[in-house]
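Q: I have a structure open on my screen, and I would like to learn how to read it. Could you walk me through a few features?

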Amino acid sequence: MTRTADGTGTGRRVSEARERLLRTAGQLFYAEGIHTVGVDRLVAESKITNATFYRHFRSKEDLAVAYIEGVDHAVRTQIGALMAADVPTDGILRGIGTSLVEQIRSPGYRGCAFLNAAAEFPDPGHPVHRAVVQHREWFLRTVTGLFAEITAAQADHAGRHFVMLRDGAMSAGYLGDPVLAGETLLRGIEGLLRIHTARGRDEPTASTSGRTSSSAATATTATEDPGIECSPPGA
């Protein structure tokens, strides 16, 4: 692939200056906040000119939208890779949880990029806020669709519960102990999987795809105590 300084030319040419600006903006916006970082600093640290900045983005807010869309793309790619692999449904959900824990415990972690951006742009009509909402709607649909392969009747509840566990863990991991936050998140996901796998076995059609749940396969052959409900509080 040919790269150019300004993105002109034919074919799938990529502007190195734009990539560098996006990379710098992502680091600064996440670490310090979008409102805090000005265009002059972005230009200086990206080693570009003002003209180059405005050639690619009409304003800093447009750059902020691109930043959010970049984080969204990274999350979609990661989850897409899990879903494309030969992994049972519950393994995908556990994999999403494991990825979140790794992020929470990583150096420089400052909470959820989407929640942080939404707090800076509370107006529902603002492009940055809309980009955050679009990501969250996609994430909820994706997780709910996975749970629908385990329990069709309770998938909506399970998906919402998963997202709330995710939000709480990402906030707690920044404001409190990231290790405990990660452990709590994984325990919560296990609880969701146990209760909804059990409920799914009682449904006429527990799965909507050829992918199976490894916990469901194990549970059908195990001796169970019907008096014990392995569920998080309020499930």
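This is a predicted model: local features need pLDDT of at least 70, side-chain atom pairs count only at pLDDT 80 or more; totals for chains, interfaces and linings use all residues.

Q: How many residues does helix α1 have, and how far does it reach from its first C-alpha to its last?

A: A helix can be checked by setting its span beside the expected one, at 1.5 Å a residue. Helix α1 covers residues 16-32, which is 17 residues. Its span is 24 Å, close to the expected 24 Å.

Q: Which residues of α5 are buried?

A: The cut-off to remember is that buried means under 20% relative accessible area. In α5 the buried residues include Ile92, Leu93, Ile96, Leu100, Val101 and Ile104, along with Asp90 and Ser99. In α1, the buried residues include Leu21, Leu28, Phe29 and Tyr30.

Q: How many residues are in the largest nonpolar core, and which have the most contacts inside it?

A: For a core, look for buried nonpolar residues joined through side-chain atoms. The largest one here has 54 residues, and Phe29, Leu42, Phe53, Phe147 and Phe162 have the most contacts inside it. Among the elements giving two or more residues to this core are α1, α5, α8 and α9. Helix α7 supplies the largest share, nine residues.

Q: What is phenylalanine 162 in contact with, beyond its neighbours within four places in sequence?

A: Its contacts are Leu93, Ile96, Phe139, Val143, Phe147, Ile189 and Leu192.

Q: How many salt bridges does the structure hold?

A: There are eight. To read one, find the two side chains and the N to O distance; arginine 94 and glutamate 190, for instance, meet at 2.5 Å. Arginine 94 is in α5 and glutamate 190 in α9, so this pair ties together parts that are 96 residues apart in sequence.

Q: Are arginine 166 and aspartate 167 buried or exposed?

A: Both are buried, and their side chains meet in a salt bridge at 2.9 Å, N to O. Now try arginine 58 and aspartate 62, whose salt bridge is 3.0 Å, N to O. Arginine 58 counts as exposed because its relative accessibility is 71%, while aspartate 62, at 24%, is partly exposed.

Q: Which residues are linked in a network of salt bridges?

A: Glu32, Arg41 and Glu45 form such a network.

Key: Residues are numbered from 1 along each chain as its sequence is written. Side-chain values use heavy atoms; hydrogens and water are left out. Helices (H or I, at least four residues) and strands (E, at least two) are DSSP runs, numbered from the N terminus. The expected span of a helix is 1.5 Å times one less than its number of residues. Buried means under 20% relative accessible area, exposed over 50%, partly exposed in between (1.4 Å probe, protein chains only). A nonpolar core is a set of buried Ala, Val, Leu, Ile, Met, Phe, Trp, Tyr and Cys residues joined through side-chain atoms within 4.5 Å. Contact means heavy atoms within 4.5 Å. A salt bridge is a side-chain nitrogen of Lys or Arg within 4 Å of a carboxyl oxygen of Asp or Glu.
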